[in-house]
Structures are given as structure tokens and as C-alpha cells.
Amino acid sequence: MLYESVTQPSLFGKKDFMDIKFPQPQYLGAKYIHGDWITQYIPDNAKVVLDAFSGSQSIAFLCKKMGKRVISNDFLTFNSQIGKALIENKTEILTPDDIHILFSENSAPKEYNLMEMLFTDIFFVRTETAFLDAFRSNIDRLENEYKKSLAFSIINRAMTRKVTMGHFAHTQALVYASDPERIKRNRSLIRPLKEIFMDLVMGYNNAVFDNATDCQSYNENILELLPSLSDVDLAYFDPPYCDSHADYQSFYHLLETYTNYWKDKKFVNGTKRYSPKRIGGFETKKEIINSFKALFDLARDIPYWLISYNDRSYPTIDFLVDMISLYRNVKVERKVYNAGRGGKGSVAGSSEILIICTP
Ligand SMILES: C[S@@+](CC[C@H](N)C(=O)[O-])C[C@H]1O[C@@H](n2cnc3c(N)ncnc32)[C@H](O)[C@@H]1O
């Protein structure tokens, strides 16, 4: 079954939207665990919300469920495709006919062979990379951009499920996939991508809904996008946490290569990461202070800001608060990680920080 025929939420019944489930990602720094904690600080009168560094789209999705008009943005294409599929998209789902197209033979094998050439025997065996190329050739045959974005979101999620640790910054994927202990813990390591994809389709189809506003998903450097936006009531900023796992392009390069299907890049090191990388501005100590300055300057017309950070990252929270005090009233909330690792930078004893900035 590809779609559960639940009663469609009524247009203005926000309570009904709240029952819609976000397909859980495996993304470093994703905030779905902190969603309620963060969104409680969004005032009712904030009707238009910008999720400026939206990643897996977890906060954008929650805001869409709250009935906000959401403007979502991430500079990585594979993330912005999730935004197209689940934030901007109101009605399009993947039907059995679409899936038949996606699972057909490679429609242009000479053109669509990048995965097989680059990643065979690094992350996947040849039958899987060939399947990915065929599937990619057929995404381009789907009838509209929303169906395409759903196909990208689901197949990319299937890939993170199949690879140990859910990212592509290591070269141990196939070693782990033949380790009986690891397979016992995670059977997806040995399941075909096609099967994992099929398991995920219904969850994504069921997450498509219309909240009666026109939400949008962008794929830009936020410092370039902000000048073109107007009438935003609240901005949520969840930038990479500089100094602790900020290099998203090394972790997720394979998904970005698959989505863009680049032929004109170099592919470097043992993981075949594309080069050159995009310039984000929030990754290194050298650039981060100037980027924050630019961000706050460009956001000065947006009344409310919520900013996620971590107290083990650079710069310190005190430094950030001093910077923001030039523009807004500031309050700091914190959630302490007591045990284990909760994702990027969240080692036991560190705190997830939310900086609440009001006019
Ligand atoms: C901490 S993650 C966001 C996680 C997200 N809130 C979630 O719940 O999944 C930071 C994101 O910022 C994106 N990013 C980094 N630099 C950017 C820039 N200059 N403009 C837009 N997005 C950027 C990265 O691709 C990454 O997805």
C-alpha cells in the first residue's frame, strides 16, 4: 500500500495537521527531537516563518503543520528537494505507475552511469549502483517537479539507511555490511535499496499535505537569498555548529552528487567527494564571525529570530549574545544532554542552546 486513505485534514483544522507524521531522517544535527521545545517560542502572530538552514526540513515541517507559510532553504540540493517534496508540495504523491517508471530499465545508460563509475565497491556493490543510475534516469521521466522531489527524497533516505552511520564520510560501508554483528543490529545494511525504498514510500506520501498557504523551498546560500525575501515574521537559524561536525558536504556528498548528477566536477579522496565544494560561510573559524554578522545585518527587517547552537561550538554563546544584542533583545534557553550522543556536537554534558531574539 502506497498511501493510507486517512481522512484528509480539513483546511483550517490545525489540530488535524498535528497528527501528520514527519518521515524521520537520519541527518546530523536534525532537530526533530527538539521540535516542540523550539517551536513553542514562535508567537501566534508570526504567520510567515523562514527556516534558513533547513537540512532535513524537520522544523519547516512542524511549522507547516502549525499552519504557517513556510519559506524553507538549504544550500544543498538534496535537502532542498525534501523541502520541495514535503514543504512546498501540497498534493502530489508517488503512485504505483510512478514507481513502475522509477523501477524501469536505465532509460539512457550512456548518460546515466555516474554512480556505477564513482561509488561501486566503495559504498554499494555494482548491482546497487547500477540500480541507482537506472532509477536516476527515470526520475527525469516523472511528470512534475513534486513527484521528482519525492523520488529524490525517498531514494536518498534509502541510501542513508543502507550505509552504516548514515553518512558518506568513511570508506567502511562494505566492510560493515559484511559484519554479522552489525547486520544483526541493522538489517538494512544487506537489504536491496529497492526494498528499502518501497518501505519508505507510504510514510512520505502520507506526509504530503496542503496547509492552505503557499510554502516555498529554496536552494541557495542564505546570505544570497535573504535580500530577496520580504514580509517574513520569524526566522529560524540553525547553521552548522562551527568546530563540531560542520562539514555537511563531506558527510552527504554522495546524495548531493546523485541529486545534481554532476559530470563536470572532480571527485577526490577515498570517498570520491565532489570538488570544489560549495561555499557556505558557516564552517570554519576563519569565516564564521563575518558570516554571522552578515546574517544578522540581512535579517534586520525580520522581527523575530530563533537561533539554535551548541555550547561546545565556536564562537561561544556569550559572544553570539553580544553580537545579537546590537539588534535584538536576547534570552537564552538550554537543554543539557545527559547521556550518550544525540547527534552533531551533542556529547554528554554539552547543551543544545536556543537563542530567542525579540524586537
Ligand atoms: C544544523 S543543519 C540544519 C538541521 C535542520 N534544522 C534539521 O532539523 O534537519 C545546518 C544546515 O545548514 C546548511 N547550510 C550550511 N551553510 C549554509 C548556507 N550558507 N546557506 C544555506 N544553508 C546552509 C547545511 O547544508 C545543513 O543542512
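This is a predicted model: local features need pLDDT of at least 70, side-chain atom pairs count only at pLDDT 80 or more; totals for chains, interfaces and linings use all residues.
Residues are numbered from 1 along each chain as its sequence is written.

Let me start with the whole protein. Its secondary structure comes to 15 helices and nine strands, where helices (H or I, at least four residues) and strands (E, at least two) are DSSP runs, numbered from the N terminus. The protein has a radius of gyration of 20 Å, which agrees with the value near 21 Å that a compact globule of 359 residues would have; this radius is taken over C-alpha atoms, and the globule rule is 2.2 Å times the number of residues to the power 0.38. Along the principal axes, the C-alpha atoms fill a box of roughly 55 × 45 × 40 Å.

Now to the sheet. In general, strands of a sheet pair through backbone hydrogen bonds, either parallel or antiparallel. Here, an open sheet of seven strands has the order 3-2-1-4-7-9-8, with mixed pairing, and two strands are said to pair if DSSP finds at least two bridges between them. Strand 3 (216–218) and strand 8 (329–336) are the edge strands, each pairing on one side only.

Which strand does strand 1 pair with in the parallel sense over four bridges? Strand 1 (residues 48–51) pairs in this way with strand 2, and Leu50 stands opposite Ile71 in strand 2. Strand 2 (residues 69–73) is mostly covered, since four of its five residues are buried, a word used for a residue with 20 or more other C-beta atoms, placed from the backbone, within 10 Å of its own. For the protein of 359 residues, 40% count as buried. Elsewhere in the sheet, strand 7 (residues 304–310) and strand 9 (residues 351–358) run antiparallel and are joined by six bridges, with Ser308 opposite Leu354 in strand 9.

Finally, the ligand. There are 25 residues around the ligand, and Gly29, Phe53, Gly55, Ser56 and Gly280 come nearest; a residue is near a molecule if its C-beta atom, placed from the backbone, lies within 6 Å of it. Helix 3 (58–65) and helix 12 (222–225) are the elements that give two or more residues to this shell. The shell divides into twelve nonpolar, ten polar and three charged residues, with Ala, Val, Leu, Ile, Met, Phe, Trp, Tyr, Cys and Pro counted as nonpolar, Asp, Glu, Lys and Arg as charged, and the others, Gly among them, as polar.

Technical notes: A residue is buried if 20 or more other C-beta atoms lie within 10 Å of its own, exposed if 12 or fewer, and partly exposed in between; C-beta atoms are placed from the backbone.
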